[in-house]
Amino acid sequence: MTKKDISSTTFKILFICLTLFLANCAGSKTTQSPELPLQTKWVLEDLDGKGVIDFAQSWLMFSEDGKISGSGGCNRFSGSYTFNDQKVETGPLASTRMACGEALDHQEFKFFEALGQPLSIKTENGLLFMEGNGRTLRFSRME
């Protein structure tokens, strides 16, 4: 091989690698998961487009065994869930019943009310979105 052939071959390999790299980057800007994100603690960042009370850390986690658990910000909850066709439905949820103050009680009520309804679910750009019956919830992964 001549120096020119080596340069041409190197250029072609670099071009192919760069093309594959850019195609992969373009495809990963928005990732949507067709599966329920299990064993991940998701912290509520937004409820119905109105934000959340900062000190009240509402969160949830789906387990592989069909259980859901978490906190509404004051009271802990647990129960079961089913996941079909990108929708999640919880079974009856059990929770503690502490009084938490009017604002937090109101937010927690809306959170628990939303979880009591069938919700469409998707992950996108590292966030979890749940929607249904006029409720929208956005979560981030707790690290």
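The model is predicted: local features need pLDDT of at least 70, side-chain atom pairs count only at pLDDT 80 or more, and totals for chains, interfaces and linings use all residues. Residues are numbered from 1 along each chain as its sequence is written, and side-chain values use heavy atoms, with hydrogens and water left out.

## The chain

The chain has two helices and nine strands. Both kinds of element are DSSP runs numbered from the N terminus: helices are H or I with at least four residues, strands are E with at least two. Along the sequence the pattern reads α-β-β-β-β-β-β-α-β-β-β. The chain has 143 residues, and 32% of them count as buried. Buried means under 20% relative accessible area, exposed over 50%, and partly exposed in between (1.4 Å probe, protein chains only). Contact means heavy atoms within 4.5 Å. Take the contacts between residues at least 6 apart in sequence: 50% of these join residues at least 24 apart.

## Aromatic rings

A pair of aromatic rings is described by the distance of the centres and the angle of the planes. Rings of Phe, Tyr and Trp (its six-membered ring) pair if their centres lie within 6.5 Å; planes under 30 degrees apart are stacked, over 60 edge-to-face, and the rest tilted. This rule gives five aromatic pairs. Two of them are set out here.

| Pair | Centre to centre | Angle between planes | Type |
|---|---|---|---|
| Phe 62 and Tyr 81 | 5.0 Å | 80° | edge-to-face |
| Phe 77 and Phe 112 | 5.4 Å | 75° | edge-to-face |

Phe 62 is in strand S2 (residues 59-62) and Tyr 81 is in strand S4 (residues 76-84), so this pair ties together parts 19 residues apart in sequence. Phe 62 is buried at 1% relative accessible area. Tyr 81 is also buried, at 11%.

Phe 77 lies in strand S4 and Phe 112 in helix H2, so their pair links parts 35 residues apart in sequence. Phe 77 is buried, with 4% relative accessibility. One aromatic cluster is formed by Phe 77, Phe 111, Phe 112 and Phe 139.

The rule asks for NZ of Lys or CZ of Arg within 6 Å of the ring centre and within 35 degrees of the ring normal. Lys 41 lies over the face of Trp 59, 4.1 Å from the ring centre. Lys 122 lies over the face of Phe 129, at 5.8 Å.

## Two residues and their contacts

Leave aside neighbours within four places in sequence. Tyr 81 then contacts residues including Leu 36, Leu 38, Phe 62, Ile 68 and Val 88.

Thr 40 sits in the loop between helix H1 (3-27) and strand S1 (42-47). Thr 40 is buried, at 12% relative accessible area. Beyond those sequence neighbours, Thr 40 contacts Leu 60, Met 61, Phe 62 and Arg 141.

## The largest pocket

A pocket is an open set of points on a 1 Å grid over the protein atoms alone, where a 1.4 Å probe fits, with protein on both sides within 12 Å along at least five of seven lines; lining residues have an atom within 4 Å of a point. The largest pocket has a volume of about 180 Å³. Here volume is the space filled by probe spheres set on the points, which are joined across faces, edges and corners.

Among the lining residues are Phe 77, Ser 95, Arg 97 and Phe 112. Strand S6 (94-95) and helix H2 (102-115) each supply at least two lining residues. H2 gives the most, with four.
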